[in-house]
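Please brief me on the protein chain shown below.

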Amino acid sequence: MFDKDIILMLVEGTGATLYMTLVSTLFGYLLGLPMGIVLTVTDREGIRPNQMIYKILDFIVNVIRSIPFLILLILVIPLTRAIVGKSYGSSATIVPLVIAAAPFIARMVESSLKEVDKGVIEAAQSMGASNLTIIWKVLLAEARTSLLVGVTIATGTILGYSAMAGAVGGGGLGDIAIRYGYHRYQTDIMVMTIVVLVVLVQILQYLGMLLSKKLDRRRL
């Protein structure tokens with residue numbers, strides 16, 4: 001059976017994992033959402049095509065997405081130290097998590113916005129709506145259900161990334177699983193961390209899908 005110290009460690013690890021995941025998701029969307037909008041708007045069939053901007057941003061997104069997270073984690077250590085002051089721990093892990101998450105989020109946002117019926121966009125243009133108005137009141141409004149589903153997927157993915165960061169001292173449940181399950185061969189603790197991670201993913205997915213269904217105007 002787990003003693004109080006182990007239970008306290010798992011609780012703290014869960015808190016650290018949620019902290020890394022939620023903060024990284026927030027900052028990931030602060031970067032990824034505008035990137036996804038620009039990719040959609042400047043695409044060949046967008047409301048303001050610009051192949052140069054699209055190709056540059058598309059290249060950046062593809063390159064960063066191609067780098068495995070553990071390699072990216074090590075690659076950005078100098079940047080992490082410059083921003084946080086250290087390269088280990090929960091706060092330090094947020095930097096590479098955001099860098100990894102933003103391009104992924106950008107692609108999901110782009111995909112969601114491109115699902116909007118072109119007829120609705122053309123109707124807004126025919127009424128003289130500005131590009132900013134179309135982005136805010138047509139693209140984002142019409143794609144909100146898909147965007148919320150994307151948030152759910154992104155959060156689960158970032159949660160998995162945060163667990164991988166435990167391999168290099170990232171903190172949270174991943175760090176506990178590596179230290180106790182791998183280095184000390186305490187399989188029971190490793191299994192418990194896996195169970196907690198699965199439960200967290202299921203809870204986040206349930207809440208995200210519940211919210212998206214409530215905001216889905218097609219169900220009204």
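Tyrosine 161 is partly exposed, because its relative accessible area is 22% and that class lies between buried (under 20%) and exposed (over 50%), using a 1.4 Å probe and protein chains only. The model is a predicted one: local features need pLDDT of at least 70, side-chain atom pairs count only at pLDDT 80 or more, and totals for chains, interfaces and linings use all residues. Residues are numbered from 1 along each chain as its sequence is written, and side-chain values use heavy atoms, with hydrogens and water left out.

**Aromatic pair**

- A search of the whole structure finds 1 aromatic pair.
- Its rings belong to phenylalanine 69 and tyrosine 161, with centres 4.9 Å apart and planes at 10 degrees, so the pair is stacked.
- Rings of Phe, Tyr and Trp (its six-membered ring) pair if their centres lie within 6.5 Å; planes under 30 degrees apart are stacked, over 60 edge-to-face, and the rest tilted.
- Phenylalanine 69 sits in helix 3 (residues 69–75) and tyrosine 161 in helix 8, so the pair links distant parts of the chain, 92 residues apart.
- Phenylalanine 69 is buried, at a relative accessible area of 6%.

**Salt bridges**

- The whole structure holds 6 salt bridges, each a side-chain nitrogen of Lys or Arg within 4 Å of a carboxyl oxygen of Asp or Glu.
- Side chains of opposite charge can pair when their charged atoms come close.
- One of them joins lysine 114 and aspartate 43, at 2.7 Å from N to O.
- This pair links distant parts of the chain, 71 residues apart: lysine 114 is in the loop between helix 5 (90–113) and helix 6 (118–126), and aspartate 43 is in the loop between helix 1 and helix 2 (51–66).
- Lysine 114 is partly exposed at 38%, whereas aspartate 43 counts as buried at 16% relative accessibility.
- Lysine 118 bridges to glutamate 45, with the closest N and O atoms 3.5 Å apart.
- That pair also links distant parts of the chain: lysine 118 is in helix 6, glutamate 45 is in the loop between helix 1 and helix 2, and 73 residues separate them.
- Lysine 118 is partly exposed, at 44%, and glutamate 45 is exposed, at 61%.
- Glutamate 110 forms a salt bridge with lysine 114, the closest N and O atoms being 2.9 Å apart.
- Glutamate 110 is buried, with a relative accessible area of 6%.
- Shared partners join Asp43, Asp58, Arg107, Glu110 and Lys114 into one network of salt bridges.

**Helix 10**

- Helix 10 covers residues 187–214, and its 28 residues should span 40 Å at 1.5 Å a residue, the expected span being 1.5 Å times one less than the number of residues.
- Its end C-alpha atoms are 41 Å apart, which agrees.
- Buried residues of helix 10 include Ile189, Thr193, Val196, Leu197 and Leu200.
- The buried residues of helix 10 pack against helix 1 (4–42), helix 8 (144–164) and helix 9 (172–183).

**Whole chain**

- The chain has 10 helices and 0 strands; helices (H or I, at least four residues) and strands (E, at least two) are DSSP runs, numbered from the N terminus.
- Its C-alpha trace spans about 65 × 45 × 25 Å along the principal axes.
- Of the 220 residues, 42% are buried.
- Among contacts (heavy atoms within 4.5 Å) with a separation of 6 or more, 73% come from residues 24 or more positions apart.
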